[in-house]
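Reader: I would like to learn how to read a structure, one feature at a time. Please show it to me first.

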Amino acid sequence: MIYRPSDVQLERATFRRRRAVRSVLLAAVSTAVVGVLLIVAVTGAPGWNRVQDSFLNLDVARKSFQPIVEGLWLNIRMLVVCALLALALGLLIAVLRTLRGPVFFPVRALATLYTYTFRGVPLIIVIYVFAFGVPGLRLQGTPNVYVLGGGALVITYGAYLAEVFRAGIESVHPSQLAAARSLGLTYRQTMRHVVLPQAVRRVAPPLLNDTVALQKDVGLISLAGPIDAVRAAQIATAQYFNYTPYIVAAVLFVLLALPLIAVTDWVTLRAARRQNAGS
Amino acid sequence: MLLEARHLRKTFDTRPVLDDLSLDVGEHQVVALIGASGSGKSTLLRCINLLTEIDDGTIKLDGEDITDPRADPDRVRRRIGLVFQSFNLFPHMTVLGNITLAPIRVHGKSAAQAREQAIDWLQRVGLADYADSYPDRLSGGQQQRVAIVRALVNEPRLLLLDEVTSALDPELVGEVLTMIRDLKGDGMTMVLATHEMGFARQVADQVVFLDGGRVLEAGPPAQVFGDPTEPRTRQFLARIIEAGRL
């Protein structure tokens, strides 16, 4: 016997379909109304022509595009290197903070002091200290400003990421540790094979979120001299006496962030689904 | 004696959980620990496996004092298997990954060797089809059987089972008990904390009734269940019978 939905079920399906169509239509209409009102309000403003000329000037956008993209290339390279190093540092610090026993007290204390300090100090100050203070020591082989500025970023973000990793490690239930230790695994093996894989999966969304934030902060290295996208836009703005380069840089930043934000959302959604599946 | 526990004491805050408790387990023996919740059954098992540190007393395994602070707990645990009430499988690993973790990382087996041994065991307990599944795809009974296999592949001298059927739906209890019965047939030495009185009666060589962290009564099942001497044991058994569990 082939299953055929009952009349009641068919009637429900028709009703649901009709309701869905109606809500989509309603949403479309209200979106259109809000959009039109916004456009009318902005373009109808008395100063619109002046604003359009100084923020959305196509000619200036074309001329400033190349230096901004060159600056952006620096942002991208800094982001990749700093994100990887900060993740590694954060993980290391988080693991050090979990070590128990009096032998590890100094390690634990230093790691804790580090996360407290660098979550508190403004990034800009860390960059100044690294980029201008360290070379002032006149030591042999002082690295260049990219390495110093990158170091400031890694150290600051490492402190945030360490706390995210630590939250993940603490979220793994003690019974998992007991199970691993009962099999004869050492503390280190338990961390490596049982705790960290589960911890990292759980905190992947906040980790990626911090990476998106880092993407914007790598530009602060320009305070020490290097020309990133925002600094390039600033120079172009001064050159053309026009704000359009900032808008160009903003659009490029958004385009750059989109893939990372999309990945973050996807990972978050997957994690939420898995949680609902009860695992 | 395979296991000799003498005068164990353990206090949580000020509450004594093990109170001058002694227990002997001979090779190939099955000892059932019974008693109300909080009587010290689980704590005793965790102490034997060194997951919880005792406050006083000694535990000897094969004549070696494993509670000596100079003994390496990781080496001791290799010889003792522990199965938990809530299975505690690793959710991020497949069934096969769960079972082969310790043989590869702790006992130095090759991945192929460990895999072959794991598949053998899974076939034996009828779970070979689930080798590549993740634990959340399995029923409670299946998960618990995997957890038992995970302990067995390390070829422990002693297997500790901590209320392994308490978290299971009633219709799944049987499959786990059958597996334990088979292990007894293989000569595995086991200490099991259980609320399954009928099962304890059938499978145990010795039943130990714990009350307030002390051994109140111990002996063959026929004696402890059939003719208990202590009033407290009678009272406990009467309640169990009333609840229809014996």
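Reader: In strand 10 of chain B, which residue is the bridge partner of B:Asp211?

Author: Strands of a sheet pair through backbone hydrogen bonds, either parallel or antiparallel. Here B:Arg214 in strand 10 of chain B is the bridge partner of B:Asp211. Strand 9 (residues 206–211) and strand 10 (residues 214–219) of chain B pair in the antiparallel sense, over five bridges. Two strands count as paired if DSSP finds at least two bridges between them. Helices (H or I, at least four residues) and strands (E, at least two) are DSSP runs, numbered from the N terminus.

Reader: Before we go on, how should I take the numbering and the model?

Author: This is a predicted model, in which local features need pLDDT of at least 70 and side-chain atom pairs count only at pLDDT 80 or more, while totals for chains, interfaces and linings use all residues. Residues are numbered from 1 along each chain as its sequence is written, and chains are lettered from A and ligands numbered from 1 in the order in which they are written.

Reader: How many residues lie between strand 9 and strand 10 of chain B in their hairpin?

Author: Two residues lie between these strands of chain B, and B:Gly212 in the turn has a positive phi of about 60°.

Reader: Which residues other than glycine have a positive phi?

Author: Most residues other than glycine have a negative phi, and most peptide bonds are trans. B:His28 has a positive phi, near 65°, and B:Asn88 has one near 55°. B:His28 is in the loop between strand 2 and strand 3 of chain B, whereas B:Asn88 is in the loop between strand 6 and helix 3 of chain B.

Reader: Is B:Asn88 buried or exposed?

Author: Count the other C-beta atoms, placed from the backbone, within 10 Å of the residue's own: 20 or more is buried, 12 or fewer is exposed, and in between is partly exposed. B:Asn88 has 23 such neighbours inside 10 Å, so B:Asn88 counts as buried. B:His28 has 13 within 10 Å and is therefore partly exposed. In chain A, A:Asp265 has 12 inside 10 Å and so counts as exposed. A:Asp265 belongs to helix 10 (residues 244–276) of chain A. Its C-alpha atom is separated by 7.5 Å from that of A:Pro205, 60 residues apart along the chain.

Reader: In what order do the six strands of the open sheet in chain B come?

Author: The order is 6-7-8-3-9-10, with mixed pairing. Strand 6 (80–83) and strand 10 of chain B stand at the edges, so each has a single partner strand and one side without a neighbour in the sheet. On average, neighbouring strands of this sheet are turned by 20° against each other, direction ignored. Strand 3 (residues 30–34) of chain B pairs with strand 9 of chain B in the parallel sense, over four bridges. There, B:Ile34 has B:Phe209 in strand 9 of chain B as its bridge partner.

Reader: What is the order of the open sheet of four strands in chain B?

Author: Its order is 2-1-4-5, and the pairing is antiparallel. The edge strands, strand 2 (15–25) and strand 5 (64–65) of chain B, each pair on one side only. Strand 1 (residues 3–12) and strand 4 (residues 56–61) of chain B run antiparallel and are joined by five bridges. B:Leu3 stands opposite B:Leu61 in strand 4 of chain B.

Reader: At what angle do helix 3 and helix 5 of chain B pack?

Author: Axes are lines fitted to C-alpha atoms, for helices over the stretch in contact, and angles run from 0 to 180 degrees between N-to-C directions. For helix 3 (residues 95–105) and helix 5 (residues 140–152) of chain B, the angle is about 25° and the axes are 8 Å apart. That makes helix 3 of chain B roughly parallel to helix 5 of chain B; angles under 35 degrees count as roughly parallel, over 145 as roughly antiparallel, 65 to 115 as roughly perpendicular and the rest as oblique.

Reader: How are helix 3 and helix 4 of chain A set to each other?

Author: The axes of helix 3 (residues 58–98) and helix 4 (residues 105–120) of chain A come within 8 Å and cross at roughly 130°. These two helices of chain A are therefore oblique to each other.
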